[in-house]
Amino acid sequence: MPSDLSYDAIELNKLHGPWKYPARDRIERHLEAIENNHPWHHERSPWGPPVATPAMLGNATLRMIDTVAPVPPGTMHVKQTIETAAALRRDRQPIGYGRFTEKYERRGRRWFTFEVRWREETGLLIAHTSTTMAFPDKIETKDDAESGSQARQKQPDRKGELTPITRTITQAHIDAYSEDSENAKRGTSIHVNPAVAKAAGFPDSVAQGMMAGEYISELMTGAFGKEWFEYATLKLAYVKPIIAGDTITANASLGEATEEGAVVRKSYNVWATNQSGETVAAGTASSLVMPE
């Protein structure tokens, strides 16, 4: 059994890769997990063959970290950024070149950030992803009290301006999304093993935060169309665990529009809530579009 990733063993800025993510083998299970039936993922797309969801590369980043060393069970995915440069066609394979770019202690935990440049086998740049995770072990820091105060702050009321996407996440959905992780393969995953999740203090299995990110990404596909696959940025923070059986609703409100040369970057404030109205993920989504 491979040794878990440790904070002390992380070597910053060392290049990992090239690593080939088997997107063609995973795509059907991936779409099944998130119930995404958009025709571009199953039939012809503006690029010819069907394409993967942009958010799939967020999950691929987690799998690339596994190739360095599996994260300890209970490590939490807390931030995700995806910047698209080209659509990932289903007949192409993404290849990742990754680095640990940060590690630090804050709010009672040790954190790390892993960034990946994704290219397809032709050399075309597809995307840049950045994943921040927190190790499960608590540590003593002077800002613990501040962290607790921030966690108790009430979430602001927000009104969505797009037709929301609502999905109930079952254990079968979580299994399909997470079964290829190293922890799932060795039986130590809080995602696919309810007993492990309960031992870690959760009421049941925990869905990956990226599942909420997938619903937000699907919402943005409707808002931006093909530009979402080629010129977009999604920045999310995962603020509350999603438990098996939760019903998640993704929503968005229009943000700023700023000129970038001959085009405009149009932005949305995006978030996802559970059936109790609690925010599980929040951030921004933007894409370059032609001026109106």
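**Exercise 1. Is Asn274 buried or exposed, and what is its relative accessible area?**

*Solution.* The structure is a predicted model, in which local features need pLDDT of at least 70, side-chain atom pairs count only at pLDDT 80 or more, and totals for chains, interfaces and linings use all residues. Residues are numbered from 1 along each chain as its sequence is written, and side-chain values use heavy atoms, with hydrogens and water left out.

Step 1: recall that buried means under 20% relative accessible area, exposed over 50%, and partly exposed in between, with a 1.4 Å probe and protein chains only. Step 2: Asn274 has a relative accessible area of 7%, and therefore counts as buried.

**Exercise 2. Find where Asn274 is placed and which residues its side chain meets through polar atoms.**

*Solution.* Step 1: Asn274 belongs to the loop between β11 and β12, where strands (E, at least two residues), like helices (H or I, at least four), are DSSP runs numbered from the N terminus. Step 2: a polar contact is a pair of N or O atoms within 3.5 Å; within protein, one must be able to donate a hydrogen and the other to accept it, and residues adjacent in sequence count only if both atoms are side-chain atoms. Step 3: the side chains of Asn274 and Glu278 share such a contact, at 2.9 Å, while a polar atom of the Asn274 side chain lies 3.0 Å from the backbone nitrogen of Ser276.

**Exercise 3. Determine how α4 and α7 are arranged, and which residues join them.**

*Solution.* Step 1: axes are lines fitted to C-alpha atoms, for helices over the stretch in contact, and angles run from 0 to 180 degrees between N-to-C directions. Step 2: the axes of α4 and α7 come within 10 Å and cross at roughly 95°. Step 3: angles of 65 to 115 degrees count as roughly perpendicular, and α4 and α7 are therefore roughly perpendicular to each other. Step 4: in contact, meaning heavy atoms within 4.5 Å, are His173, Ile174 and Tyr177 of α4 with Met210, Met211 and Glu214 of α7.

Methods: Angles under 35 degrees count as roughly parallel, over 145 as roughly antiparallel, 65 to 115 as roughly perpendicular and the rest as oblique.
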